[in-house]
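Please read the following points with the sequence and the model open beside you. They are arranged by topic, and each can be checked on the structure in turn.

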Amino acid sequence: MKTYDDIAEWYDQWIGTSAMGDDPIFAEVAALMGDVSGRRICDLACGQGRVARYLAQSGARVVGVDLSAKLLAIARRHEEADPRGIEYVQADARQLDEPLAGTFDGVLCFMALMDIQDLAPTFHGVTRILRPGGWFVFSILHPCYHTSRSGEMETAEGTVRTIGRYFEEGHWRSDTRPGPPGRVGSYHRTLSTYLNTLTAAGLQLVRLSEPQLSPSNTNRAVWSDVPSILIVSSRKP
Ligand SMILES: C[S@@+](CC[C@H](N)C(=O)[O-])C[C@H]1O[C@@H](n2cnc3c(N)ncnc32)[C@H](O)[C@@H]1O
């Protein structure tokens, strides 16, 4: 099975150079995080650091955490070229503990939980590294519309999203998808698994968001009809 270290250069080029501020999904994430200025924030599974750089630019004190040494090397190159005070740490999201425990006002995990093999230890770790009252926001491929057997079908009324194997949790990889699910694959969990595991880890659900993309924001008309992305906002009591 391939890892993000195997595809680091490809991933860096695939996500391109467009600013996070231009991304309609990130705009919704930013609204759920609120003002980050002066806050200590963990960008969990930060990859090559595009979100960490945006948060630091917005005034946050940012620690980026990722498992991939190669993506972190790209992130550190950006930091050297344009210093924003971001600290990058190589760590496994499933083993978050000291010295990060209780130190963050917020944890953001942007488009990465479906790349992380185990959910429960990850959510427990997030709870550990947040201060009381701190927030945890994550965005994922919407589990109701991305499965190992999801696709599109042309009908007389237009394109519709088709879904199968929703209840089959675990790793899947596509031979046809252009993004990470076609390269490293993805871990599927049902919506109830995501939310029940979150609350079992001691986090309180605050808000769900399923952004509807306008035709000008997507080249796939189907994402104006059903949500491609799910965003979840939660809080440590
Ligand atoms: C789709 S990328 C998203 C990266 C970044 N958040 C972004 O939006 O560009 C998924 C990331 O999850 C990271 N990842 C996967 N498993 C991980 C783990 N167990 N601990 C930490 N990071 C992990 C990968 O290395 C990769 O950087």
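1. Helices (H or I, at least four residues) and strands (E, at least two residues) are DSSP runs, numbered from the N terminus, and two strands pair if DSSP finds at least two bridges between them. With these terms in hand, β6 and β7 can be described as a hairpin with two residues between its strands. Strand β6 (residues 151-155) pairs with strand β7 (residues 158-162) in the antiparallel sense, over five bridges, and within this pairing Glu154 stands opposite Thr159 of β7.

2. A word on the basis of this note: the model is predicted, so local features need pLDDT of at least 70 and side-chain atom pairs count only at pLDDT 80 or more, whereas totals for chains, interfaces and linings use all residues. Residues are numbered from 1 along each chain as its sequence is written, and side-chain values use heavy atoms, with hydrogens and water left out.

3. The open sheet consists of seven strands in the order β3-β2-β1-β4-β5-β11-β10, and its pairing is mixed. Its edge strands, each of which pairs on one side only, are β3 (87-90) and β10 (204-209). From one strand to the next the twist averages 20 degrees, where axes are lines fitted to C-alpha atoms and angles run from 0 to 180 degrees between N-to-C directions.

4. Within this sheet, strand β1 (residues 40-44) and strand β4 (residues 104-110) run parallel and are joined by three bridges. In this pairing, Ile41 has Gly106 of β4 as its bridge partner.

5. The UniProt record, an unreviewed entry, places the feature "domain: Methyltransferase type" at residues 43-138; such positions are given in the numbering used here, feature names are shortened, and annotations may be inferred rather than shown by experiment. Over residues 43-138 the chain is 33% helix and 29% strand, and the end C-alpha atoms lie 10 Å apart.

6. Which residues come nearest to the ligand? Of the 19 residues around the ligand, these are Tyr11, Ala45, Arg50, Asp66 and Ala93, where a residue counts as near if one of its heavy atoms lies within 4 Å. By class, the shell has 12 nonpolar, two polar and five charged residues, with Ala, Val, Leu, Ile, Met, Phe, Trp, Tyr, Cys and Pro counted as nonpolar, Asp, Glu, Lys and Arg as charged, and the others, Gly among them, as polar.

7. A backbone N or O atom of Ala45 lies 2.8 Å from a nitrogen atom of the ligand, and a polar backbone atom of Ala93 is 2.8 Å from a ligand nitrogen atom.

How values were computed:
A polar contact is a pair of N or O atoms within 3.5 Å; within protein, one must be able to donate a hydrogen and the other to accept it, and residues adjacent in sequence count only if both atoms are side-chain atoms.
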